[in-house]
Amino acid sequence: MPKRVIIGAAALAVAVFVGAIAWTAGPDILRRVAGSSQCHMAAGVSQALAPLATGDMVGFAPITPRDVTGLPFDGEGEAATTINALKGRTILLNLWATWCAPCRVEMPHLAALHTALSGPDFAVIATSIDNRDENRPENFLQETNATALAYHREPTLTLFNSLRAAELAVGMPTTLLIAPDGCVAGLLHGAADWSGEDAKALIRAAVDAAA
């Protein structure tokens, strides 16, 4: 096959892929993720967390806050629940999938963090992005000793693709620290030990900064 034909086919494939992400995410959601002047609380949280990105949390990155309240984290279609419903508490939002080996390692740590610190001001929300067998991800929580976490599933990939389009996600797992105003204050790509003292110190600082 001529080289120019191969190059043309590759370019077309990239264009189709990018278009698919934009279509799945939706223009309104992408605009909302792009930023908001309402993220004042998250800005304070982000600033407070910068010194705590050490030890087990060395991969955690405070960021310029981004409003994600329009993104769904559970269900699909008209029945979908958006992150707007989580406003009022500091949320550690984790995206995972059953085919993700690092997720299997991380899930019990997230469950332990939730058990230790969850309450009126904080919760861990773990959302599966599996888009096939509905029971498989639910069973995954049992297999990984993570049943302390509520089961959430967003199978349309709107959540992940929107975050990826906004450069807030690159793969699985992805974990976002969301302030009570519904804006992302920091993120961590890849697995981490969320059950350790470094993680607990980071979460406590986030809750205190949002108070």
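Against which strands and which helix do the buried residues of helix 3 pack? In this predicted model, they pack against strand 1 (61–67), strand 7 (174–178), strand 8 (183–189) and helix 7 (197–210).

The secondary structure of the protein consists of 7 helices and 8 strands. Of its 211 residues, 46% are buried. Among contacts between residues at least 6 apart in sequence, 75% join residues at least 24 apart.

Helix 3 spans residues 40–49, and its buried residues are Ala-42, Val-45, Ser-46 and Leu-49. These residues lie on the same side of helix 3, because they cover an arc of only 100 degrees around its axis. On the face of helix 3 turned away from the buried side are the exposed residues His-40 and Gln-47.

Helix 7 is one of the elements against which the buried side of helix 3 packs, and Ala-205 is found in helix 7. Ala-205 has a relative accessibility of 19% and therefore counts as buried, the cut-off being under 20%. Leaving aside neighbours within four places in sequence, Ala-205 is in contact with Leu-49 and Leu-52. Leu-49 is itself among the buried residues of helix 3. In sequence, Ala-205 and Leu-49 are 156 residues apart, yet in space their C-alpha atoms are 6.7 Å apart.

Helix 7 also meets helix 4. Two packed helices are described by the angle between their axes and the distance between the axes. For helix 4 (residues 101–117) and helix 7, the axes come within 11 Å and cross at roughly 50 degrees. The crossing of helix 4 and helix 7 is right-handed. Helix 4 contributes Leu-113, Ala-116 and Leu-117 to the contact, while helix 7 contributes Lys-200, Ile-203 and Arg-204. By class, this contact of helix 4 with helix 7 has 4 nonpolar residues, 2 charged residues and no polar ones.

The loops on either side of helix 6 call for attention to the backbone. Most residues other than glycine have a negative phi, and most peptide bonds are trans. Leu-157 lies in the loop between strand 6 (152–153) and helix 6. Its phi is near 70 degrees, a positive value in a residue other than glycine. With a relative accessibility of 25%, Leu-157 counts as partly exposed.

The loop between helix 6 (158–165) and strand 7 holds Pro-173, and Glu-167 lies in the loop between these elements as well. Glu-167 has a phi near 60 degrees, again a positive value in a residue other than glycine. Glu-167 is exposed, with a relative accessible area of 69%. The peptide bond from Met-172 to Pro-173 is cis, with omega near -10 degrees. Strand 7, to which this loop leads, brings the reader back to the opening question, for strand 7 is one of the elements against which the buried residues of helix 3 pack.

Methods:
Residues numbered from 1 in each chain as written. Predicted model: local features only at pLDDT ≥ 70, side-chain atom pairs only at ≥ 80, totals over all residues. Heavy atoms only, no water. Buried < 20%, exposed > 50% of the residue type's maximum accessible area, 1.4 Å probe, protein only. Helix = DSSP H or I, 4+ residues; strand = E, 2+ residues; numbered from the N terminus. Arc of directions from axis to C-beta. Contact = heavy atoms within 4.5 Å. Axes fitted to C-alpha atoms, helices over the stretch in contact; angles between N-to-C directions. Left-handed = near helix turned anticlockwise from the far one by under 90°. Nonpolar A, V, L, I, M, F, W, Y, C, P; charged D, E, K, R; others polar.
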